Every structure is written in structure tokens, then in C-alpha cells.
Amino acid sequence: IGNYALIGPYTIINSGQHKYHDPSIPIRHQGHKIGPITIEDDVWIGAHVCILPNVTIGRGAIIGANSVVTSSIEPYAIAVGNPAKPILFRRP
């Protein structure tokens, strides 16, 4: 988590998830996989955001409340939704 990052209440930063590809084995017995999450400097993450593995949120980006971040967000993007997608860009 970078410098000056703001993280709203009830945000979930989850770098792990269950493996589930073998239907002959119960999901709970298939193990977990993890992936990195990077939140760069001067990022603002709204309330109730969920950030999933293998994501970088670029410098100066804003993530709208209730968004689900499933892929990386470019620097200075304003991203919203499920999955979160850029709708605008801030000027650096």
C-alpha cells in the first residue's frame, strides 16, 4: 500500500482464492492460490470495495464505492462498477 493512500470502510483486499477446477474433489479440499495486490501512491478507494488477486491500482487512481476490482487499474483512472472499469481520468 503506497504513501497517502485512502481506503474506505469495509473494503476487502483479498489476495487469495479457492482452487475449484476438479469437480470430482470438494472445493474446500482443492487448496488455495494467491496473487499479489499493489496499491500505489495517492490512491483513493471508496467504501465497500472488493479488490481481488493479481491487481495493481495505479498511482492517483480513484475506485468508486461498492466496486469490485478484478483487473489492474491505470494510473489516474476513476474506476467504478462490477467489474471496475475506468470512466474518466484525472490529470496528473
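This is a predicted model: local features need pLDDT of at least 70, side-chain atom pairs count only at pLDDT 80 or more; totals for chains, interfaces and linings use all residues.

User: Where does Ile-13 sit?
Analyst: Ile-13 is in strand β2. Strands (E, at least two residues) and helices (H or I, at least four) are DSSP runs, numbered from the N terminus.

User: Which nonpolar surface patch is Ile-13 part of?
Analyst: Ile-13 forms one with Ile-1 and Ile-7, and together they have about 290 Å² of accessible area. Patches are made of residues with over 30% relative accessible area and no salt bridge; nonpolar side chains (Val, Leu, Ile, Met, Phe, Trp, Tyr) are joined within 5 Å, like charges within 9 Å. Accessible areas come from the Shrake-Rupley method with a 1.4 Å probe, and for residues only the protein chains shown count as cover.

User: What about Thr-11, buried or exposed?
Analyst: Thr-11 counts as buried because its relative accessible area is 19%. You'll find Thr-11 in the loop between β1 (6–7) and β2 (12–13).

User: What does Thr-11 touch?
Analyst: Setting aside residues up to four places away in sequence, Thr-11 touches Ile-45, Gly-46, Ala-47, His-48 and Val-49. A contact means heavy atoms within 4.5 Å. A polar atom of the Thr-11 side chain also lies 3.2 Å from the backbone oxygen of Gly-46.

User: OK, and which residues have the most contacts inside the largest nonpolar core?
Analyst: Ile-45, Ile-51, Ile-57, Ile-63, Val-69 and Ile-73, in a core of 14 residues. Strands β8 (55–57) and β11 (77–80) are the elements that give two or more residues to this core. A nonpolar core is a set of buried Ala, Val, Leu, Ile, Met, Phe, Trp, Tyr and Cys residues joined through side-chain atoms within 4.5 Å.

User: Switching to charges: how many salt bridges does the structure hold?
Analyst: Two. The cut-off is a side-chain nitrogen of Lys or Arg within 4 Å of a carboxyl oxygen of Asp or Glu. Arg-59 pairs with Asp-41, with the closest N and O atoms 3.2 Å apart. That pair links the loop between β8 and β9 (62–63) to the loop between β5 (37–39) and β6 (44–45), 18 residues apart.

User: And the Arg-90 one?
Analyst: Arg-90 meets Asp-42 at 3.9 Å, N to O. Arg-90 is in the segment after β12 (85–89) and Asp-42 in the loop between β5 and β6, 48 residues apart. Arg-90 counts as partly exposed at 32% relative accessibility, and Asp-42 is partly exposed at 36%.

User: Zooming out, how many helices and strands?
Analyst: Zero helices and twelve strands. The C-alpha atoms fill a box of roughly 50 × 25 × 20 Å along the principal axes.

User: What share of the residues is buried?
Analyst: Buried residues make up 30% of the 92. The protein exposes about 6000 Å², and carbon and sulfur atoms supply 56% of that.

Definitions and conventions:
Residues are numbered from 1 along each chain as its sequence is written. Side-chain values use heavy atoms; hydrogens and water are left out. Buried means under 20% relative accessible area, exposed over 50%, partly exposed in between (1.4 Å probe, protein chains only). A polar contact is a pair of N or O atoms within 3.5 Å; within protein, one must be able to donate a hydrogen and the other to accept it, and residues adjacent in sequence count only if both atoms are side-chain atoms.
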